[in-house]
Amino acid sequence: MKDFSKELSFKTSRSSGAGGQNVNKVETSVTVLWLVAESEFFNDYQKELIQNKLKNRINAEGYMFLTVSESRTQLMNKNKAIEKIIDLVNKALIVPKKRLATKPSKGQKQKRLDTKKKISEKKDNRKFKF
């Protein structure tokens with residue numbers, strides 16, 4: 001879990017939602033910007049993983065962005081934004097294990113065939129026989 005918060009830059013703007021008249025005069029919404037390609041914390045493979053998995057959050061200039069306006073204070077929104085972007089990047093770096101193809105055992109095959117036979121007999125017994 002890498003903390004690359006030193007590479008982040010921030011923009012503030014007026015946020016919508018709760019806050020009453022305060023919303024119209026205070027810039028509490030925080031947008032975090034991070035230039036993925038210029039990062040010194042990650043190697044080329046990790047940068048490629050991040051760019052592939054989070055491509056919908058990365059713009060044409062290569063900046064990854066995230067906007068947070070959950071709280072009524074700028075500082076809390078900034079802290080949440082840092083937390084969220086670090087969490088997103090750390091999740092993007094996880095490479096899932098490859099699935100190994102397996103075959104069903106003899107017991108499983110026999111159990112499936114027995115179940116099919118029982119159901120078939122049950123339905124066969126419902127038919128009217130002369």
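I begin with lysine 84, which counts as partly exposed because its relative accessibility is 35%. Here buried means under 20% relative accessible area, exposed over 50%, and partly exposed in between, with a 1.4 Å probe and protein chains only. Please note that this is a predicted model, in which local features need pLDDT of at least 70, side-chain atom pairs count only at pLDDT 80 or more, and totals for chains, interfaces and linings use all residues. Residues are numbered from 1 along each chain as its sequence is written, and side-chain values use heavy atoms, with hydrogens and water left out.

What does lysine 84 form with glutamate 70? The two residues form a salt bridge, their closest N and O atoms being 2.4 Å apart. Lysine 84 lies in helix α2 and glutamate 70 in the loop between β3 and α2, so this pair ties together parts that are 14 residues apart in sequence. By salt bridge I mean a side-chain nitrogen of Lys or Arg within 4 Å of a carboxyl oxygen of Asp or Glu. Helices (H or I, at least four residues) and strands (E, at least two) are DSSP runs, numbered from the N terminus.

Glutamate 70 also meets the side chain of lysine 80 in a salt bridge, at 3.2 Å from N to O.

Another pair is aspartate 87 and lysine 91, whose side chains meet at 3.5 Å, N to O. Both lie in helix α2, 4 residues apart, about one turn of the helix. Aspartate 87 is partly exposed at 37%, whereas lysine 91 is exposed at 54%.

Is valine 89, in contrast, buried or exposed? Valine 89 is buried, with a relative accessible area of 0%. This residue is found in helix α2, residues 74-92. Valine 89 touches Phe4, Trp34, Phe42, Ile50, Leu54 and Met64, leaving aside residues up to four places away in sequence; contact here means heavy atoms within 4.5 Å.

Finally, lysine 106 is found in helix α3, residues 106-126, and is exposed, with a relative accessible area of 76%.
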